[in-house]
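Hi everyone, thanks for coming.

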Amino acid sequence: MEVRQLELEALWAAQPVKKFNPDEYNGYVNSTTYWTCLYLQQESSIYHQIWNFVGANRQVCPIRLSAKFKVKRVREDSDQSEGVRGNVIWIPSWSQGEVSWKEVAASYADCLVESHQPVPEEVPAPVGQLADLSLIELFAEAVIDGNIVRFPRKLDAADYRRVDAALTALGGTWNRKVTGHVFGQDPTDLIEGVIETGTYDRPERPENFGFFPTPSALAKAVVEEAQLEPGMKVLEPSAGIGNIAIEAAAIVGADNVLTVELQACNIDVLKGLGFSPVQSDFLVFQPEAGFDRVLMNPPFSRQADIDHVLHAWSMVREGGRLVAIMAASVTFRENAKSVAFRNLVERHGRMWDNPDGSFKSVGTKFVL
């Protein structure tokens with residue numbers, strides 16, 4: 001991934017910044033699409049993200065672009081500047097028309113062809129995994145009324161079939177009289193789980209607090225990114241069965257890895273692995289001293305991953321490093337919590353996507 005990013009930086013450096021005449025659209029369907037392309041192509045950071053939207057046909061997927069970026073207009077009486085900030089593209093207020101994401105996607109064709117870089121193969125989504133971000137964002141529109149889930153707008157047939165399959169898998173039943181899917185109990189956590197993890201498998205154990213063991217390959221990647229050195233003090237919050245802790249202990253020693261875990265069954269596993277776990281809800285845990293490294297795969301439900309990461313961030317010593325796996329939705333949700341978190345990461349670190357199929361959740365790693 002690092003090599004690819006360096007190569008993309010070189011690619012960006014070789015790309016001239018386009019200067020468009022605002023009186024002409026250069027063949028684009030309207031001025032909104034025109035300015036959207038301008039600002040996206042002037043942002044070198046976009047070239048790092050674009051690989052997530054490239055298919056086997058070497059073309060950028062317009063649906064994924066439209067799910068990732070929002071287009072807003074700067075008011076004429078505002079001091080706010082135009083350009084890309086986070087996942088919002090601010091264009092001139094006098095721009096007209098709706099953005100054509102197909103044209104925006106096509107604007108990257110020359111760059112991708114000239115780069116001669118290998119394009120990631122499209123991997124079929126596992127059973128129960130959402131096909132693309134547009135459906136995740138669709139679930140973000142869901143309205144929960146007691147134990148009923150409704151959608152505020154009429155869905156087309158294809159979208160309804162996917163939504164119905166997901167809600168049925170989660171235990172909901174369509175009820176024509178209430179025009180929604182009825183659940184046996186409050187489905188808020190289930191719906192949030194779809195938004196945060198990109199999956200809709202019905203949990204086999206509802207009491208598992210959203211526990212997803214970290215796959216070995218992903219645990220190794222987290223530890224590698226942490227740049228551990230022998231003797232460092234390491235914390236793994238919500239350690240589960242210790243997959244990340246095991247990889248860290250191989251470098252720094254088990255005595256230098258503190259694990260915090262709530263579930264008693266996982267505490268027994270951690271003890272059997274040679275750790276001395278603290279049984280606690282991590283959000284109320286307060287250590288006596290800070291840590292050189294914090295490595296974590298926190299729970300995702302209701303954006304709990306942000307809460308856990310912010311709490312852990314306060315425990316990192318000066319010059320330390322925090323590496324976490326988070327729900328992909330943190331990159332595009334527009335609530336205040338998500339925006340503030342992205343701003344924090346932008347000031348102190350970076351985010352990047354895990355490979356498709358890393359585990360059931362559509363995860364995003366980041367470093368602070």
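Predicted model: local features only at pLDDT ≥ 70, side-chain atom pairs only at ≥ 80, totals over all residues.

Let's start with Arg-317, which is partly exposed at 36% relative accessibility.

Residues are numbered from 1 along each chain as its sequence is written, and side-chain values use heavy atoms, with hydrogens and water left out.

So, which residue does Arg-317 meet in a salt bridge? That's Asp-292, at 3.3 Å from N to O. By salt bridge I mean a side-chain nitrogen of Lys or Arg within 4 Å of a carboxyl oxygen of Asp or Glu. By that rule, we count 6 salt bridges.

Arg-317 sits in strand 12 and Asp-292 in strand 11 (residues 291-296), so this pair ties together parts that are 25 residues apart in sequence. Helices (H or I, at least four residues) and strands (E, at least two) are DSSP runs, numbered from the N terminus.

Next pair: Glu-225 and Arg-321, with their closest N and O atoms 3.3 Å apart. Glu-225 is in helix 10 (residues 216-226) and Arg-321 is in strand 12 (residues 316-327), so here the linked parts are 96 residues apart in sequence. Buried or exposed, Glu-225 and Arg-321? Both are buried. They also belong to a network of salt bridges that includes Arg-350.

Last one: Asp-145 and Arg-150 form a salt bridge at 3.2 Å, N to O. Asp-145 is partly exposed at 44%, and Arg-150 is partly exposed too, at 24%.

Technical notes. Buried < 20%, exposed > 50% of the residue type's maximum accessible area, 1.4 Å probe, protein only.
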